[in-house]
Amino acid sequence: MIFFFGTRASKIKEHQLRNTSCPYCSTANSFTVSTYSRYFHFFWIPIIPLFKSSIAECGHCKKSYATANFSPEMNRSFEQEKQRDPAKRPIWQGLGCMVLLAFFALVFSISLYGTFFGPKNTTKSTLSKDPRRASLEEDIRKISPVFSKEKEPLTSALKECINYEIVSGLDPAKIQYFTRMEENRFLILLKVRDMKKVEVSSRKVLIDIIEDCLYAMEDLKDVDDYYIGIEGRWNTVLVKTPLEADLGGRFADKYKLLPFYGEEPTDTSKEMDSVPAKVSSDSLRLSN
Ligand SMILES: [Zn+2]
């Protein structure tokens, strides 16, 4: 049976032992010690050097001795020889390892180069430039345990309703709020710091409670679309928008809330390069 990976050994050094005699045939200075280095290979490509082993052979009677069976004088002589001329593992036994390292270093430096010097017009940089993301992060930061009843009547009314309906086990005082109206769209962000007290499977009840409250509020009857995001202690756990929902209760994609802030911006720099001015004004008129 052929194994495509495993260990192999190669001879890396020969030492002649001085001041010894063979315990078997008593011939003096007849020993040659061969040292082998074992390495791990994959498809016969050496990857990592492993351990070394040595074996002594008497040139006269051909009897061989593993290091464990060396006589004290053989041991002494071998140690001296090793100090004088050490058996080093050949560098090629780590060839595979070095090739892999070089490969990863190359990939890493290319990606670094791409990050710092690459073209700025890639999809990734467009995404991170999406100003709606910044607006959402900003609003999430504004989620607050305190707000003024006069300035934010909607938030207050919502909080009152939610406090009344709240899931058992949750402390209403630990729920923080932020709301925002944009034309006929209403954004509701909650942060529930002790979310872990609610079973994952029943967390989506929070969304139902919020929706019940929203539908019951007189001041919101002109609102068409609700965008609800609920933050746990560390991350967004529930999201519901008119188009999408993440109601698993553990991890939700907060960027599903982005349509609240408007359409995804198109890459304006690219448009200016390739689309003649006349066409863009035409398309503007069409869309209006
Ligand atoms: Zn011998």
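Student: How many salt bridges does the structure hold?
Tutor: The structure holds 17 salt bridges. Keep in mind that this is a predicted model.

Student: What lets side chains pair like that?
Tutor: Side chains of opposite charge can pair when their charged atoms come close.

Student: Which residue does R18 meet in a salt bridge?
Tutor: R18 meets E81, at 2.9 Å from N to O. R18 sits in the loop between strand 1 and strand 2, and E81 sits in helix 1, so the pair ties together parts 63 residues apart in sequence.

Student: Is E81 buried or exposed?
Tutor: E81 counts as buried, because its relative accessibility is 4%. R18 has 47%, so R18 counts as partly exposed.

Student: And what does D139 pair with?
Tutor: D139 forms a salt bridge with R180, and their closest N and O atoms are 2.9 Å apart. That pair links distant parts of the chain: D139 is in helix 4, R180 is in strand 5, and they are 41 residues apart.

Student: What else does R180 form a salt bridge with?
Tutor: R180 also forms a salt bridge with E182, with the closest N and O atoms 3.2 Å apart. Shared partners join D139, K142, R180 and E182 into one network.

Student: New topic. Which residues are the protein donors of the zinc ion?
Tutor: The donors are the SG atoms of C22, C25, C58 and C61. They lie 2.2 to 2.4 Å from the zinc ion.

Student: Why is the arrangement called tetrahedral?
Tutor: Because the 4 donor atoms subtend angles of 106 to 113 degrees around the zinc ion.

Student: Where do C22 and C58 lie?
Tutor: C22 lies in the loop between strand 1 and strand 2, and C58 lies in strand 3, so the pair ties together parts 36 residues apart in sequence.

Student: Are those two buried or exposed?
Tutor: C22 counts as buried at 2% relative accessibility. C58 is buried too, at 0%.

Student: Now the surface. Which residues form the nonpolar patch?
Tutor: Among them are F4, F5, W44, I91 and W92. Together, the patch residues have about 1100 Å² of accessible area. Helix 2 gives the largest share, 3 residues.

Student: Where does I91 lie?
Tutor: I91 lies in the loop between helix 1 and helix 2. I91 counts as exposed, because its relative accessibility is 68%.

Student: Last one. How many helices and strands does the protein have?
Tutor: There are 8 helices and 9 strands. Of the 288 residues, 34% are buried.

Definitions and conventions:
Residues are numbered from 1 along each chain as its sequence is written. This is a predicted model: local features need pLDDT of at least 70, side-chain atom pairs count only at pLDDT 80 or more; totals for chains, interfaces and linings use all residues. Side-chain values use heavy atoms; hydrogens and water are left out. Patches are made of residues with over 30% relative accessible area and no salt bridge: like charges are joined within 9 Å, nonpolar side chains (Val, Leu, Ile, Met, Phe, Trp, Tyr) within 5 Å. Accessible areas come from the Shrake-Rupley method with a 1.4 Å probe; for residues, only the protein chains shown count as cover. A salt bridge is a side-chain nitrogen of Lys or Arg within 4 Å of a carboxyl oxygen of Asp or Glu. Helices (H or I, at least four residues) and strands (E, at least two) are DSSP runs, numbered from the N terminus. Buried means under 20% relative accessible area, exposed over 50%, partly exposed in between (1.4 Å probe, protein chains only). Donors are N, O and S atoms within 2.8 Å of the metal (3.2 Å for Na, K and Ca); water is not among the atoms, so sites may look incomplete. Four donors count as tetrahedral if all angles lie between 85 and 135 degrees; four count as square planar and six as octahedral if opposite donors are over 155 degrees apart and all others between 65 and 115; anything else is irregular.
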